[in-house]
Amino acid sequence: MSRVVYVNGSYVPENEGKVSIFDRGFLFADGIYEVTAVINGKLVDYEPHAERLERSLNEISMAWPCSKAELRQMHEELIKRNKLDEGIIYIQVTRGSADRDFKFPKEAKSTLIGFTQVQKLLENPNAPAGVKVVTIPDIRWARRDIKSVMLLAPVLGKQRAYEEGAFEGWMVEDGKVTEGTSSNAYIVKDGKVITRPLSNSILAGCTRRSLFRMAKEEGVVIEERLFTPEEAYAADEAFLTSASNFVLPIVEIDGKRVGGGQPGPVVRKLREIYLDEARRQAGLK
Ligand code: PMP
């Protein structure tokens, strides 16, 4: 069965979902996106994603394409129309379609699209054994706190990681790890979780934010500071977070085994508490 997608107010079969060749998302990457997880047909952690969307839109002076209630309703409707049990929902907002000109168009109405993707989240096939990452240079722009659709650098980074047999690329700038191409990056040393503090250099992950709250409740200490790839090689454990992977163990960095090449106790516990909360929000417990 082909998916039903959302395009500017209409729900249509995916092969009928179309936007103009003059859309500024296509011409200039002048747009924002968001990704939210769905479990048991329920949105997980929706609010932080809606808040981040609002922030991203404000930062690039782009108007909301619809009301907040309508956006939520669109998510719910996509779940219903696609009978989505477990997976993710992507939404993209652009500054609309207009004659090609860098300046903001006066008349254009923003474009809003949404679509679902089936994915196993609770039983993530990569979670039991963990994944490999490789470090790559961070060649992105200076405002990575904005969830922009300008994803060429992450595309090239993820492809390079894939070609090197890794699941994710950890980007490095000035000798320090910033984040993954589509995830936040963490190491664990002596029981403490270490991750880069929020700034314009990384995206403020919604999973990161929820994990911080849960870790605090569980008494897991999080130290927000920069770390080098060398520190990561010598770490006891490593992991990544994202809405589509929740908390995912990393067992190898640049060909060096981390923590004996097995997911360690801290990451296993953090994944478990995250899944617990996701199941609770999804009405599964
Ligand atoms: N950093 C980057 C660059 C990302 O693309 C993502 C995934 N959207 C994240 C971090 C993780 O963010 P979240 O937990 O909100 O999915």
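Biologist: What share of the contacts in the protein chain with a separation of 6 or more comes from residues 24 or more positions apart?
Modeller: That share is 71%. Keep in mind that this is a predicted model.

Biologist: Okay. How many helices and strands does the protein chain have?
Modeller: There are 7 helices and 15 strands. The radius of gyration is 19 Å, close to the 19 Å that the globule rule gives for 285 residues, so the chain is as compact as a globular protein of that length.

Biologist: What box do the C-alpha atoms fill?
Modeller: Roughly 55 × 45 × 35 Å, along the principal axes.

Biologist: And how much of the chain is buried?
Modeller: Buried residues are 52% of the 285.

Biologist: What about the accessible surface?
Modeller: The protein chain has about 13700 Å² of it. Carbon and sulfur atoms hold 53% of that area.

Biologist: Switching to charge. How many positive and negative side chains are there?
Modeller: The chain carries 41 positive and 41 negative side chains. The centres of the two sets are 1 Å apart.

Biologist: Now His49. Where does it lie?
Modeller: His49 is in helix 2, which covers residues 46-59.

Biologist: Is His49 buried or exposed?
Modeller: His49 is buried. Its relative accessible area is 4%, and the cut-off for buried is under 20%.

Biologist: Which residues does His49 touch, not counting those up to four places away in sequence?
Modeller: Glu34, Val35 and Thr36 are among them. His49 also touches Cys206 and Ala243.

How values were computed:
Residues are numbered from 1 along each chain as its sequence is written. This is a predicted model: local features need pLDDT of at least 70, side-chain atom pairs count only at pLDDT 80 or more; totals for chains, interfaces and linings use all residues. Side-chain values use heavy atoms; hydrogens and water are left out. Helices (H or I, at least four residues) and strands (E, at least two) are DSSP runs, numbered from the N terminus. Buried means under 20% relative accessible area, exposed over 50%, partly exposed in between (1.4 Å probe, protein chains only). Contact means heavy atoms within 4.5 Å. The radius of gyration is taken over C-alpha atoms; the globule rule is 2.2 Å times the number of residues to the power 0.38. Accessible areas come from the Shrake-Rupley method with a 1.4 Å probe; for residues, only the protein chains shown count as cover. Lys and Arg count as positive and Asp and Glu as negative; His and the chain ends are not counted. The place of a charge is taken as NZ of Lys, CZ of Arg, CG of Asp or CD of Glu.
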